[in-house]
Amino acid sequence: MSAGVLAALVLGAAVLTVAAAPALAPLLRSWGLVDVPNHRSSHETPTLRGGGLAPLVGVLLTAVAASAFGVAGLPWTALGVCAATALLGLIVDLRDVSPLVRIVALLLLGAVLGSVLGGVGTALLAALTLPVVVTVVNFMDGINGITALTAAAWGLVALLGGVAPPAVALGALTLGAALGFLPWNLPRARMFLGDCGSYFFGALLTAGIVLAQAGGGRPLFLAAPLLPYLVDTGVTLVRRAARGERLVDAHREHLYQRLSRRPGWGHTPVAGLWAAAALLVAGIWWLIRHNGAT
């Protein structure tokens with residue numbers, strides 16, 4: 001896939017996501033998807049939730065348009081599973097769904113993704129990775145811009161990192177959709193991704209890793225930007241478990257949340273820091289591989 005086509009995918013996803021967000025706002029409002037602040041919130045005013053529909057629309061419309069113009073090699077299986085995962089997140093936004101049901105659904109969606117793209121090993125990888133990554137991204141989506149900036153960082157890594165071609169295309173679409181949502185979410189949030197959006201971006205990241213694995217690329221390279229998210233989530237879960245707290249209860253104890261409340265910080269610097277950390281980890285991994293240390 002040429003550089004021009006990849007640039008068009010980024011631009012198309014960004015423009016269509018920016019345009020889709022205000023068009024979807026009345027629908028989200030009619031569904032009652034308004035996040036009212038409480039003592040666990042990191043925002044102070046009622047804000048629309050479920051805005052993850054915008055990047056979903058942006059990615060799918062861009063892929064359809066690209067296909068209509070004769071672009072081949074788009075990862076349609078991965079996009080279909082990512083869309084289904086986003087719709088699962090939307091259901092969670094609209095009504096209470098038990099954690100067990102969510103995990104089982106994500107396991108099945110991951111198994112479908114892996115079984116279509118590869119053999120038993122790939123199916124097992126996807127079935128285990130999708131619930132973990134989606135859950136971690138969902139946990140980390142607690143301040144303005146953090147998920148969109150981190151997803152953009154991941155998309156840039158996938159786009160420029162020389163991984164399997166379908167993963168590169170997915171990286172371009174992810175980068176565009178993340179950038180397109182940022183104007184609605186940073187620095188002031190006019191719309192939240194909600195579970196729909198965190199599930200969608202979590203699925204895109206998972207799909208890229210699985211595509212790299214199935215295509216003989218470098219799946220660990222695409223997993224590397226997730227390390228800051230995994231560390232933050234892991235440390236927080238261990239701390240809460242040690243205190244005997246219910247791990248599924250909402251809270252404000254993640255490292256990024258605590259830092260964002262410190263004087264002189266806030267949502268934008270912390271979100272930027274986590275995205276920069278994602279790029280740094282990927283860069284370190286690339287340097288180690290490039291120098292033949294692994």
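Leaving aside neighbours within four places in sequence, with which residues is Leu28 in contact? Leu28 is in contact with Leu33, Leu48, Arg49, Gly50, Gly51, Leu53 and Met191, where contact means heavy atoms within 4.5 Å.

## Basis of the model

The structure is a predicted model, in which local features need pLDDT of at least 70, side-chain atom pairs count only at pLDDT 80 or more, and totals for chains, interfaces and linings use all residues. Residues are numbered from 1 along each chain as its sequence is written, and side-chain values use heavy atoms, with hydrogens and water left out.

## Overall architecture

Twelve helices and two strands make up the secondary structure of the protein chain; these are DSSP runs, with helices (H or I) of at least four residues and strands (E) of at least two, numbered from the N terminus. In sequence order the elements follow the pattern α-β-β-α-α-α-α-α-α-α-α-α-α-α. The radius of gyration is 18 Å, close to the 19 Å given by the globule rule for 294 residues, so the chain is as compact as a globular protein of that length. This radius is taken over C-alpha atoms, and the globule rule is 2.2 Å times the number of residues to the power 0.38.

Along the principal axes, the C-alpha atoms fill a box of roughly 50 × 45 × 40 Å. Of the contacts in the protein chain with a separation of 6 or more, 71% are between residues 24 or more positions apart. The accessible surface comes to about 12600 Å², and 68% of this area belongs to carbon and sulfur atoms; accessible areas come from the Shrake-Rupley method with a 1.4 Å probe, and for residues only the protein chains shown count as cover. Of the 294 residues, 51% count as buried, a term that means under 20% relative accessible area, with exposed over 50% and partly exposed in between (1.4 Å probe, protein chains only).

## Nonpolar core

The largest nonpolar core holds 92 residues, of which Leu9, Ile146, Met191, Leu222 and Trp274 touch the most other members. Helix 8 (residues 194-214) supplies the largest share of this core, with twelve residues. Such a core is a set of buried Ala, Val, Leu, Ile, Met, Phe, Trp, Tyr and Cys residues joined through side-chain atoms within 4.5 Å. In soluble globular proteins, nonpolar side chains tend to be buried together.

Not counting residues up to four places away in sequence, Met191 touches Ala21, Ala25, Leu28, Thr47, Leu48, Gly51, Phe181, Trp184 and Asn185. Leu28 lies in helix 1 (residues 3-30) and is buried, with a relative accessible area of 0%. The C-alpha atoms of Leu28 and Gly114, which are 86 residues apart along the chain, are separated by 32 Å.

Leu130 lies in helix 5 and counts as buried at 0% relative accessibility. Beyond residues up to four places away in sequence, Leu130 touches Thr85, Leu106, Leu109, Gly110, Ala203 and Thr206. Val134 is also found in helix 5 and counts as buried at 1% relative accessibility. Leaving aside neighbours within four places in sequence, Val134 is in contact with Thr85, Leu106, Tyr199, Gly202 and Ala203. Val134 and Phe200 are 66 residues apart along the chain, and their C-alpha atoms are separated by 7.9 Å.

Asn138 belongs to helix 5 (residues 120-140), whereas Ser198 lies in helix 8. The side chains of Asn138 and Ser198 are joined by a polar contact of 2.8 Å. A polar contact is a pair of N or O atoms within 3.5 Å; within protein, one must be able to donate a hydrogen and the other to accept it, and residues adjacent in sequence count only if both atoms are side-chain atoms. Ser198 is buried, with a relative accessible area of 0%, and a polar atom of its side chain lies 3.3 Å from the backbone oxygen of Asp195.

## Aromatic pairs and a cis peptide bond

Two aromatic pairs are found in a search of the whole structure. The ring centres of Phe200 and Phe201 are 5.9 Å apart and the planes are at 50°, so the pair is tilted. Rings of Phe, Tyr and Trp (its six-membered ring) pair if their centres lie within 6.5 Å; planes under 30 degrees apart count as stacked, over 60 as edge-to-face and the rest as tilted. Both Phe200 and Phe201 are buried.

The peptide bond from Leu186 to Pro187 is cis, with omega near 0°. Pro187 is placed in the loop between helix 7 (165-181) and helix 8.
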